[in-house]
Amino acid sequence: MRSERRRVRSLLRELGLPPHPTLAELHAAYEARTRRTLRLIEQDVAPGEPTGRFEQYLTQDLIYYPKHTSRAHQLLVVCHELAHLLLGHIPRPDAIDPAVVRRVLGRSHYDDPTEHEAETIGTLLYQQLNLAPVDGPAARLAPSLIHREGRHV
Ligand SMILES: [Zn+2]
């Protein structure tokens with residue numbers, strides 16, 4: 001876990017970020033560094049479906065995160081998917097994320113080393129985030145998480 005922690009810190013440094021950025025800062029730095037648009041999209045997730053996924057297009061990256069869950073879990077999913085992107089993983093739409101497997105089976109299970117890596121780095125990334133209130137309760141956890149309609153959550 002120690003070397004992974006170092007890796008997360010160096011990922012943040014490479015993005016020109018302080019050790020504890022907000023999600024909004026992380027989002028902006030990712031876009032600036034990659035010169036790509038990153039869209040965070042809330043979606044309904046049926047039980048048993050992957051909670052999150054990412055897609056890559058020519059000029060933009062999309063991260064889908066679940067609608068009906070706690071904000072902490074939403075953030076965790078976003079960080080997991082962001083870790084895939086930062087680590088240069090290839091999207092695998094049929095992969096079930098470890099978060100789901102854990103919920104379903106009640107234990108941790110990794111078949112895929114990229115899932116393990118994204119889960120570890122994503123969780124550490126989440127722990128590094130500054131979740132302090134920014135501008136009232138609405139902006140508290142995730143100022144850059146948006147509804148499809150463009151509303152802040
Ligand atoms: Zn994953």
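In which sense do strand S2 (residues 53–56) and S3 pair, and over how many bridges? The two strands pair in the antiparallel sense, over 4 bridges; strands count as paired if DSSP finds at least two bridges between them. Helices (H or I, at least four residues) and strands (E, at least two) are DSSP runs, numbered from the N terminus. The model is predicted, so local features need pLDDT of at least 70 and side-chain atom pairs count only at pLDDT 80 or more, while totals for chains, interfaces and linings use all residues. Residues are numbered from 1 along each chain as its sequence is written, and side-chain values use heavy atoms, with hydrogens and water left out.

S2 and S3 form a hairpin, with 3 residues between them. Within this pairing, Gln 56 has Asp 61 in S3 as its bridge partner. S3 is also joined to strand S1 (residues 37–43), by 7 bridges, and these two strands run parallel. There, Arg 39 stands opposite Leu 62 in S3. Strand S3 itself (residues 60–66) is mostly covered, with 6 of its 7 residues buried; buried means under 20% relative accessible area, exposed over 50%, and partly exposed in between (1.4 Å probe, protein chains only).

Attention now turns to the helices. Helix H3 (residues 71–86) packs against helix H5 (residues 113–128) at an angle of about 125°, with the axes 7 Å apart. Axes are lines fitted to C-alpha atoms, for helices over the stretch in contact, and angles run from 0 to 180 degrees between N-to-C directions. H3 is therefore oblique to H5, since angles under 35 degrees count as roughly parallel, over 145 as roughly antiparallel, 65 to 115 as roughly perpendicular and the rest as oblique. By class, the contact of H3 with H5 has 11 nonpolar, 5 polar and 2 charged residues. Here Ala, Val, Leu, Ile, Met, Phe, Trp, Tyr, Cys and Pro count as nonpolar, Asp, Glu, Lys and Arg as charged, and the others, Gly among them, as polar.

Arg 6 is found in helix H1 and counts as exposed because its relative accessibility is 52%. Its C-alpha atom is 9.9 Å from that of Leu 124, 118 residues apart in sequence. Pro 18 lies in the loop between helix H1 (2–14) and helix H2 (23–34) and, at 38% relative accessibility, counts as partly exposed. The C-alpha atoms of Pro 18 and Leu 129 are separated by 9.9 Å, with the residues 111 apart along the chain.
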